[in-house]
Amino acid sequence: MPRPGLFRSVFGRVTLSALLVSLLSTLALYLVVRQIVDNDGRAMLAREVDTDLAGLADIYVSGGHSELQARMADRFTVHRQDGELVWYLLTDANGRRIAGNLDRWPAIAPEVSESRFVALPGGERMFARATRLGPEARLVVGHSDHRGRALQARLAMAFATAGALIAMFSLLAGHFAARRLRERVEAVNATFAAVRAGHIEARALAVGDSDELTELAINTNAMLDQVERLIQAQRIVSDQTAHEIRTPLMHLDTRILKAMEVTQDETLLRTLDQSRAEIRGVVRLLDSLLDIAGTQAMRGDLRGLAEISLSDIAENLADLYGASAEELGIGFHARIAPGVLFRADPMQMMRLLSNLLDNGFKYVPSGGNVSLELSAGPRIVVQDDGPGIPPADRRRIFERYVRLEGAPDGGHGLGLSLALAIAERHELSLHVEDAAPGARFVVQPEEGS
């Protein structure tokens, strides 16, 4: 059986699930850390801006507009080592610019001393706070956020690298873990495949950790042990049943035969002869039932099978049935390919062919024709030009005790059931087709075997 694809394999889905969980966990951790860093950066910026604003407000209170403008100019000449930029804007009550490096008042309310991030026309961003210094002045102070954005970029790069490493290690760990699990599960599947192929003695290796897969292997072996015991018990019961029933019947037949030897009563002789015929019929019925049950129990069991020449078996049967066909006035034709070999039980394959031929001769009247064809595969075809089999009965005829209307007397309706059981035991299919006229029975390998 081919291996399932990545997304259909349990182990592939487990590996991908582990990868997805690790990536989602890394992403969630990044978002949390980024939010913390962002909040801390905003708080730090707010403290810097508030400190700067408070200092300028004190200068304004103590020195007025001129002193404030001088101190703002001093701040523009200072080059900060961290590369951060500062912005100031001092206006009168009507919004006219008095000093500063901002061209216009940003969208921020001085009446409530509002603070927030503001986007500048050049694409720069600053964190600013605005306030009223008095009835005649308003001041806004802003600092850039280069450090925060640089830290965010480094943080994103660090988490991206960590996420890639985590994904790689998750895939590697998942791959090796999944491969180990797959090997253990495939060992159990291989055991079932071996049993299905006829090696009933095959068992799974219950080694490794005491986990669920070890328990599965142990339970598999216990089940196979039980199946093997049941098969053996069925064979023993079948053999004992055959012996216990057949022996008294044969003794009864012997007693009837002795009774026939000491009587001259014609009526009694006919009755006793009919009794013997019925006893032999019961024995044949018993043998057929036991053969069917035993063959079905051995389905898939390859023990006792060997490579045989189906061509030789078919040739021998063709000679035998050819002689019988001449006596019955039936045409018999055999087309047997030489050298057709098959791993099988020779006695059962002979029984399969003879049952199909018996069925053909049974339904063909004098002057009819029966043919046997064997080709590589193997493919066996037994065809007659008798009355044929209605479509509705083409499955039913393989059931036990089924005898179609108009069937000759003397049978129990078990021949085709046994033929089907033998075919299935050897992983062959058996079906019937319309031969127009007559019936065509075809034996060939099962699909997929």
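User: What should I know about the model before reading it?

Analyst: The model is predicted: local features need pLDDT of at least 70, side-chain atom pairs count only at pLDDT 80 or more, and totals for chains, interfaces and linings use all residues. Residues are numbered from 1 along each chain as its sequence is written, and side-chain values use heavy atoms, with hydrogens and water left out.

User: Which way do the residues of strand 1 point?

Analyst: In a regular strand, side chains alternate between the two faces of the sheet. Helices (H or I, at least four residues) and strands (E, at least two) are DSSP runs, numbered from the N terminus. In strand 1, Val-86, Tyr-88, Leu-90 and Asp-92 point one way, and Trp-87, Leu-89 and Thr-91 the other. Seven of the seven residues in strand 1 (residues 86–92) are buried; buried means under 20% relative accessible area, exposed over 50%, partly exposed in between (1.4 Å probe, protein chains only).

User: Which strands pair with strand 1?

Analyst: Two strands pair if DSSP finds at least two bridges between them. Strand 1 pairs in the antiparallel sense with strand 5 (residues 137–144) over seven bridges, and in the antiparallel sense with strand 2 (residues 97–100) over three bridges. Leu-90 stands opposite Leu-139 in strand 5 and opposite Ala-99 in strand 2. Strands 1 and 2 form a hairpin with four residues between them, and Gly-95 in the turn has a positive phi of about 90 degrees.

User: Why does the span of helix 6 agree with expectation?

Analyst: The expected span is 1.5 Å times one less than the number of residues. Helix 6 (residues 346–363) has 18 residues and should therefore span 26 Å, which agrees with the 26 Å between its end C-alpha atoms. At its N-terminal end, Asp-345 is the cap, with a side-chain oxygen 3.0 Å from the backbone nitrogen of Met-347.

User: Which residues have the most contacts inside the largest nonpolar core?

Analyst: A nonpolar core is a set of buried Ala, Val, Leu, Ile, Met, Phe, Trp, Tyr and Cys residues joined through side-chain atoms within 4.5 Å. The largest has 41 residues, and Phe-332, Met-349, Leu-356, Leu-372, Leu-430 and Phe-441 have the most contacts inside it. Helix 5 (residues 310–328) gives the largest share of this core, seven residues. Apart from it lies another core of 19 residues, including Val-86 and Leu-90.

User: Is Leu-374 buried or exposed?

Analyst: Leu-374 counts as buried because its relative accessibility is 4%. Leu-374 belongs to strand 9 (residues 369–375).

Methods: Polar contact = N/O pair within 3.5 Å; in protein donor to acceptor, adjacent residues only side chain to side chain.
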